[in-house]
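My notes follow in the order in which I looked.

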Amino acid sequence: MVEFRPYHPEDRDAVGTIWHEVGWSDRSDESKVEALDALISAGGIEVAEVNGAAECFVQQVPGDITHTGTNLSMSAVTAVLTSHIGRKMGLATTLSARAIAAGARQGAAVSLLGVFETGFYDRLGFASGSYEHELTFDPATLALENVEYKRPERLTLDNADEMHAAMLGRNRPHGSSTLTPLSLVTAELGWMSGMWALGYRTDGRLTHFMAGTAESDRSYRPYFVAYETLPQLLDLLRLVKELGDQLQWFTIVEPPEIQLQDLIRGPMRQIRHAKGTSVRAHRAKAHWQLRINDLDAVVGAIDWPGEPVRFNLDVSDPIANFGVGWEGVSGNYTVTIGSPSGIEVGATSGLPTLTSQVGPLSRILFGVQHPSTLAAIGDLSGPAELLAGLDRALQMPVPHPGWDF
Ligand SMILES: CC(C)(COP(=O)(O)OP(=O)(O)OC[C@H]1O[C@@H](n2cnc3c(N)ncnc32)[C@H](O)[C@@H]1OP(=O)(O)O)[C@@H](O)C(=O)NCCC(=O)NCCS
């Protein structure tokens, strides 16, 4: 007997067991228990109850995502996990589908999540985001001698609210995302092993900081990186260089505003030296996925100053197959990509037609991939002339959420 329902406080023990079994939290470690409590307090949780106990846990929280300068409401699926005994009963799939529908009903134009593998969430209309470049390098080799070193302030869990505010107020390039609940920052800080956090204030306000994990004092990896301006990002990297006397390795997801290789001396040499060691000098992975829930809002955020591209869109959405009371974005629309861009419900005779599932459509509308590339690999279809026009009109910066969840 399976019941899908909202989380109740009485589920706390069973939920602790699920997190323990999955290896994401340790019941014997007080700080990890508190971190899970913090995550739970963010809300938006449903569980699948099997024979009287919660065996699957899915959380969805509000946030936003920037589309070329416009902030769109976003729903982040922050946790999906099934206990060892609940596996392969469709629990995670059903709860994830319900979470997406809940986010959409709350007004989220886009849903976002991190994946353990591609394929699982594709069944719900998600598709891969862009590559994130993770670099590991010797911090002493940062070529930042011309940037003045500023002594940072040590931050602790007590500063979680300020760190959250700095993440919300950080520079927001295309695709950058935020999560509204403060307690999710508290939870992440609590889970970090060897947590360190260092930052800077401007007029008393925390404007730029990094917080992350440490393996002794040899290897640091920030999880949160926030800054409002490029000089502030350089302050943070200059700080990393200063720690280079002791710190052997620094691992960071490349900030979208910069090509880190420009600031590293001998980057190729470091990659060669890392060969055959446990250090992975450079790793690229598209570990996040997105799906649009509100076509009107997403298309409306696109500003293409060139010749407008008008076409019929025939979109299908697999979320409709999951009986969650929300049919998704499937339908026929007339779309204009221009300045302004917009949609009208229904097709217009005489226009070329683009046929796509919501996942590939989400990728092209966020600039993850070119329409003609996705057509070539069979993910969508349309006349060559329309695809070429869309390749031009949908050129935009590579999206990066900048908040790992
Ligand atoms: C991933 C996880 C949540 C799945 O939970 P689950 O409740 O067993 O999942 P479901 O029963 O809903 O779905 C299982 C189905 O997905 C399919 N599936 C699994 N991985 C897939 C993939 N990469 N692509 C497509 N289908 C996939 C399975 O084959 C299975 O299909 P079947 O029912 O036809 O046999 C669970 O294994 C887990 O908790 N893992 C550890 C934590 C984790 O990684 N969570 C995900 C974070 S993004």
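I began with the lining of the largest pocket, to which β4 gives the most, with 6 residues; helices (H or I, at least four residues) and strands (E, at least two) are DSSP runs, numbered from the N terminus. I keep in mind that this is a predicted model, in which local features need pLDDT of at least 70 and side-chain atom pairs count only at pLDDT 80 or more, while totals for chains, interfaces and linings use all residues. Residues are numbered from 1 along each chain as its sequence is written, and side-chain values use heavy atoms, with hydrogens and water left out.

**The largest pocket.** I looked up the space in the largest pocket and found about 1,500 Å³. Of its 43 lining residues, Trp24, Thr78, Gly114, Val115 and Phe405 are the closest to the centre. On a 1 Å grid over the protein atoms alone, a pocket is an open set of points with protein on both sides within 12 Å along at least five of seven lines, a cavity is a set where a 1.4 Å probe fits but cannot get out, and lining residues have an atom within 4 Å of a point. Grid points are joined across faces, edges and corners, and a volume is the space filled by probe spheres set on the points. Elements that each supply at least two residues of this lining include α1 (12–22), β4 (70–82), α3 (91–105) and β14 (282–285). By class I noted 24 nonpolar, 10 polar and 9 charged residues in the lining of the largest pocket, where Ala, Val, Leu, Ile, Met, Phe, Trp, Tyr, Cys and Pro count as nonpolar, Asp, Glu, Lys and Arg as charged, and the others, Gly among them, as polar. Because domain 1 (2–114) and domain 2 (133–285) both give residues to its lining, the largest pocket lies between them; the domain bounds come from an automatic or database domain assignment.

**The second largest pocket.** The volume here is about 370 Å³. Its lining has 15 residues, and Thr136, Glu215, Ser219, Thr251 and Ser278 are the closest to its centre. The lining of the second largest pocket divides into 4 nonpolar, 6 polar and 5 charged residues.

**The cavity.** I searched the whole structure and found 1 cavity of 30 Å³ or more, and the largest cavity holds about 440 Å³ of space. It is lined by 27 residues, and Val253, Pro401, Gly402, Trp403 and Asp404 lie nearest its centre. The largest share of this lining, 4 residues, comes from β12. The largest cavity lies between domain 1 (2–114) and domain 2 (133–285), because both give residues to its lining.

Helix α4 (residues 160–168) and helix α5 (residues 183–191) pack at about 115 degrees with their axes 9 Å apart, where axes are lines fitted to C-alpha atoms, for helices over the stretch in contact, and angles run from 0 to 180 degrees between N-to-C directions. The axes of helix α2 (residues 30–41) and α5 come within 8 Å and cross at roughly 160 degrees.

**Backbone details.** The peptide bond from serine 339 to proline 340 is cis, with omega near 10 degrees, and proline 340 lies in the loop between β17 (331–337) and β18 (342–345). Threonine 68, in the loop between β3 (53–67) and β4, has phi near 40 degrees, a positive value in a residue other than glycine.
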